[in-house]
Amino acid sequence: MQFRLVSDYQPEGDQGQAIAKLSKSLAAGNHHQTLLGVTGSGKTFTMANLIQQHDKPTLIMSHNKTLAAQLYSEFKNFFPHNAVEYFVSYFDYYQPEAYIPRSDTYIEKDSSINDEIERLRLSTMGSLLTRKDTIVVASVSCIYGLGSPEDYANMMVPVWVGQRITREEFLNSLVGMLFERNDIAFGRGKFRVRGDVVEVHPAYLDETAIRVEFFDDEVERITSIHTLTGHMIDRLENHTFFPAKQFVTPGDKMKRATIAIREEAREQVAKFEKENKLIEAQRLRMRTDYDLEMMAEMGFCQGIENYSRHLTGREPGARPHTLLDFFPRDFLLLVDESHATIPQIGGMYEGDKSRKTVLVDHGFRLPSALDNRPLRFEEFIEMTSQRVYVSATPGPFEIVNSRPENKTFIPVKAKTENGNEPLFDFKKIKVKPSSNDEPVEKFDPTRRGTPLVVEQIIRPTGLLDPVLILRPLKGQIDETIELCRQRVERNERVLVTTLTKRTAEDLSEYLQGTGLKVRYLHSDIDAVERVEILRQLRAAAFDILIGINLLREGLDLPEVSLVCILDADKEGFLRNETSMIQTAGRAARHIGGECVLFCDKITDSIQALIDTTEYRRNRQQAHNELHGITPQSVRRSLQQSLQNHEKEHESAERLNSSLVAEDVQTYDKLRVISELEEEMREASARLEFERAGHLRDQITALKSDSQTPTMKPIKYQLGKKSRARK
C-alpha cells in the first residue's frame with residue numbers, strides 16, 4: 001500500500017521548491033540533505049510530502065518524548081490510511097544500575113514501565129514486519145538494544161480459518177510467545193480458554209481481543225471482540241499473533257546462552273581470584289548463579305538485558321539489535337530538530353560505557369554486559385542510508401555533510417567570515433579546525449551524489465521573522481514589566497527567558513506582585529504539568545510564561561507576540577547562536593512578533609541572530625511585495641499531544657448511547673470525582689497530557705464548594721467512567 005497524504009492544504013511559500021529539491025536529491029540516491037526551515041514555515045508538511053513522494057518506510061527521530069508525541073499526532077492526521085507508530089522509551093521512571101567505588105555505594109536498577117507506551121512499541125515492531133506503508137515517530141531510544149527481528153518474526157503464529165492445528169498446539173505456541181493464561185483477569189498479553197474457544201488479548205491491541213474457535217483439530221472461526229463486553233467486532237479470515245514481549249528467545253538459544261554465560265562467569269571469577277580480588281569474585285559468582293537459576297525457572301531475571309549478547313548469539317563487541325534492524329535497508333530517515341538530535345545520538349554510547357565499565361570492574365556484571373549498549377554514532381550512520389536533517393539551526397555535522405566540496409574526514413566548527421553575513425549563508429561559511437575542548441564532527445564519506453541544503457524561509461502565512469529590539473541591562477526588570485503590560489492590554493502572550501531556575505521562580509513571584517498573571521516553567525515540573533501550563537497560556541488563563549531552556553524548539557504558541565531574553569549578553573549554552581535563534585522564533589507565529597534582548601554588549605551570538613534575522617526578513621519582505629501577500633497570524637485550535645482519533649470516536653459513541661442526566665444536586669459527587677481521577681491517570685499513561693490537565697481542572701472544580709457554569713448540569717454513565725461536560 002502506498003502512502004496517501006490527506007490534507008486540505010497545498011504547498012505554499014517555500015514549501016513547493018523545498019519539496020521538489022529534496023525529492024530530486026533523494027531520487028538521486030544522496031545520503032545527506034538538510035531542510036533549513038524557519039519556525040512556522042511548515043516543515044512537518046514538507047516532511048509529509050517527502051514521505052508520500054519517496055514512498056518508503058520512514059523513521060522520524062526527535063530528541064524528546066513531548067515533541068515526538070506532537071509529531072505523532074500530526075502525522076496520524078496526515079496519513080490516516082497508513083500505519084503511523086510511536087516508539088519512545090517505555091519507562092515512566094528509570095534509575096540505571098550503578099556503583100560508586102569511592103563511597104562503596106551500589107545503586108540497584110529501578111524502573112516503572114508505562115504499559116500504554118509498551119503497547120505502542122509492540123505495535124511498531126509488528127507493523128514494520130508486516131507492512132511496507134509504515135511511519136515510525138521515535139525518540140533516541142530507537143538506537144538502544146531490542147530483541148532480534150529474526151527471533152521475533154520466527155515466533156509469530158499465523159492462524160486462518162480451516163487450518164489444521166489442535167487447540168493444545170495453539171496454546172503451546174501462545175505460551176512460547178510469552179503470553180500468560182488467566183481465565184479471570186483478562187488483559188493485554190494474556191489468554192483464556194473456554195472449551196474449544198480460545199480468546200487472546202494481543203499485547204499490541206488496546207480494547208480488542210481475538211477469539212479463535214476450534215472444531216476437533218481445525219480452526220472453525222476467527223473473530224475480533226471487544227475485551228470488556230465480549231461483543232463481536234468483525235469476522236476474520238486470518239490473523240497473525242506477535243510475541244507478547246519485546247525480548248523473546250527460542251528455547252534452543254536459551255540453552256546455548258546459559259552454557260556461554262556460565263563459561264564467561266567461570267573465566268571472569270578466575271581472573272579476579274588471580275588478581276586477589278576475592279570480594280569481586282564472590283560477588284560475581286553469587287550474582288551470576290542467582291540470575292541463571294531465575295532464567296531456568298522463570299524464563300527471565302532482573303537485568304536480563306545484560307546477557308543479551310549470549311541470548312542473541314552475537315560475537316563480542318558486535319552491535320546490538322535495535323529498532324533500525326526492523327526496517328528494510330533502504331528506509332528513509334527524517335531527523336527533526338537535528339541540531340539537538342544528532343549530538344544526542346553521538347553522546348549515548350560513551351555515557352553508557354563509562355557506567356557499565358565500573359560495574360564490570362567491581363564484579364557486579366560480566367564483561368558481556370558492555371555489549372548491551374546503544375549504537376555508536378558510526379554504527380548509526382552505517383545502518384541508515386538516506387537522511388534528511390530538519391532544523392531552523394542546523395549543526396556542524398549537517399552543514400559539513402551537506403557541502404559537496406568536502407571530500408575527507410575533517411573536524412569542523414562553522415563560522416561566518418565576517419559579522420555582516422548571514423549565519424547560514426552556506427556559500428561563505430568557512431571550516432576551521434576545532435580546538436581540543438570542542439566536539440569533533442566528522443564528514444561521512446559513504447554519501448553519494450551531491451548533497452544539498454534547502455532553505456525554507458518563506459512562510460505560507462506571509463509572516464516575517466520577529467523584529468529584534470536591543471535594550472540595556474540596567475532596569476531590565478522594570479522594562480520587562482512595562483512591555484508585558486502593553487501586550488496584556490492587547491490580549492497577547494509573552495515569554496520571558498532567564499538563566500536559572502531560582503531567577504525564574506523569583507521573577508514570577510515578583511511579577512505576580514505587580515498584578516500580572518504569571519507562571520514559570522522549568523525541568524523540575526513534570527511532563528503532564530508542563531503541557532497543561534502551555535495549554536493554559538494559550539487559553540489566556542495567564543499571560544506571561546517565564547522559563548529557561550524549555551521555551552525553545554517545538555513550542556507551537558501562536559498567541560505569543562513578545563519574547564524577552566534577559567541577560568542576553570551572558571555568552572554560554574543558554575545564550576549561544578542556536579539558543580538565541582530558537583528562542584526568538586517562538587514569536588514568529590504572530591503578526592506583531594518581537595524579541596527584546598537585554599544586553600550591554602553585542603556578543604557573537606547576538607550578532608549572529610541579528611544577521612540571520614535581517615537576511616530572512618529581507619527575503620520574506622521581498623516575497624510578500626512581489627506576490628502581494630498580506631501577513632496573517634497563525635490560528636490553531638488547542639490539540640492533545642498524543643491521541644487516537646478512532647478510539648475517541650468509539651468511546652464517544654458508547655458514551656452517548658447510555659448517558660443518564662441527573663440534577664446537579666443529586667448526583668454522587670465523591671463517586672464522580674473518583675471516576676474522573678481514574679480517567680485522569682489513564683489519560684496521563686497514554687500521554688494525553690492536555691486531556692489529563694482538563695480532567696484535573698474538572699476535579700478541582702468539583703471539590704470546591706462553589707458551583708461553576710462548566711459543571712451544570714453534569715452527565716455521567718452509571719457503572720462506567722463518568723464524563724463531566726459543559
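Is Phe242 buried or exposed in this structure? With a relative accessibility of 8%, Phe242 counts as buried, where buried means under 20% relative accessible area, exposed means over 50%, and partly exposed covers the range in between (1.4 Å probe, protein chains only). The structure is a predicted model, in which local features need pLDDT of at least 70 and side-chain atom pairs count only at pLDDT 80 or more, while totals for chains, interfaces and linings use all residues. Residues are numbered from 1 along each chain as its sequence is written, and side-chain values use heavy atoms, with hydrogens and water left out.

Phe242 forms a stacked pair with Tyr152, at 6.5 Å centre to centre and with 15 degrees between the planes. This pair links distant parts of the chain, 90 residues apart: Tyr152 belongs to helix H5 (residues 149-154), and Phe242 to the loop between strand E16 (238-241) and helix H7 (251-274). Helices (H or I, at least four residues) and strands (E, at least two) are DSSP runs numbered from the N terminus. Tyr152 is also buried, its relative accessible area being 1%. Elsewhere, ring pairs join Phe3, Phe45, Phe75, Phe78 and Phe79 into a cluster.

Charged side chains were considered next. A salt bridge is a side-chain nitrogen of Lys or Arg within 4 Å of a carboxyl oxygen of Asp or Glu, and by this rule the structure contains 35 salt bridges. One of them connects Asp291 with Arg365, at 3.4 Å from N to O. Asp291 and Arg365 are both buried. A second example, between Asp352 and Arg355, has an N to O distance of 3.2 Å. Asp352 and Arg355 are three residues apart in helix H10, and therefore about one helical turn separates them. Asp352 is buried, at 10% relative accessible area. In a further salt bridge, the closest N and O atoms of Arg376 and Glu379 are 3.1 Å apart. Arg376 is partly exposed at 25% relative accessibility, whereas Glu379 is buried with a relative accessible area of 10%. Salt bridges with shared partners also join Glu97, Arg287, Asp291 and Arg365 into one network.

On the surface, a patch of negative charge is formed by Glu169, Asp196, Asp216, Asp217 and Glu220. Asp216 is located in the loop between strand E13 (208-215) and strand E14 (218-226), and its relative accessibility of 60% places Asp216 in the exposed class. Patches of this kind consist of residues with over 30% relative accessible area and no salt bridge, like charges being joined within 9 Å and nonpolar side chains (Val, Leu, Ile, Met, Phe, Trp, Tyr) within 5 Å.

Most residues other than glycine have a negative phi. Leu178, however, has a positive phi near 70 degrees. Leu178 occupies the loop between helix H6 (167-176) and strand E10 (180-181) and is partly exposed, with a relative accessible area of 37%. Asn491, likewise not a glycine, has a positive phi of about 60 degrees. Asn491 is placed in the loop between helix H13 (476-489) and strand E23 (493-497) and counts as exposed at 51% relative accessibility.

Finally, two C-alpha separations were considered. Asp110, in strand E7 (residues 110-113), is partly exposed at 38% relative accessibility. Between Asp110 and Gln302 there are 192 residues of sequence separation, and the C-alpha to C-alpha distance is 10.0 Å. Thr613, in helix H17 (residues 604-627), is buried with a relative accessible area of 8%. The C-alpha atoms of Thr613 and Gly585 are 9.8 Å apart, and these residues are 28 residues apart along the chain.

Technical notes. Areas by Shrake-Rupley, 256 points an atom, 1.4 Å probe, with all protein chains shown as cover. Lys, Arg positive; Asp, Glu negative; His and termini not counted. Charge placed at Lys NZ, Arg CZ, Asp CG, Glu CD. Phe/Tyr/Trp six-rings, centres within 6.5 Å; stacked < 30°, edge-to-face > 60°.
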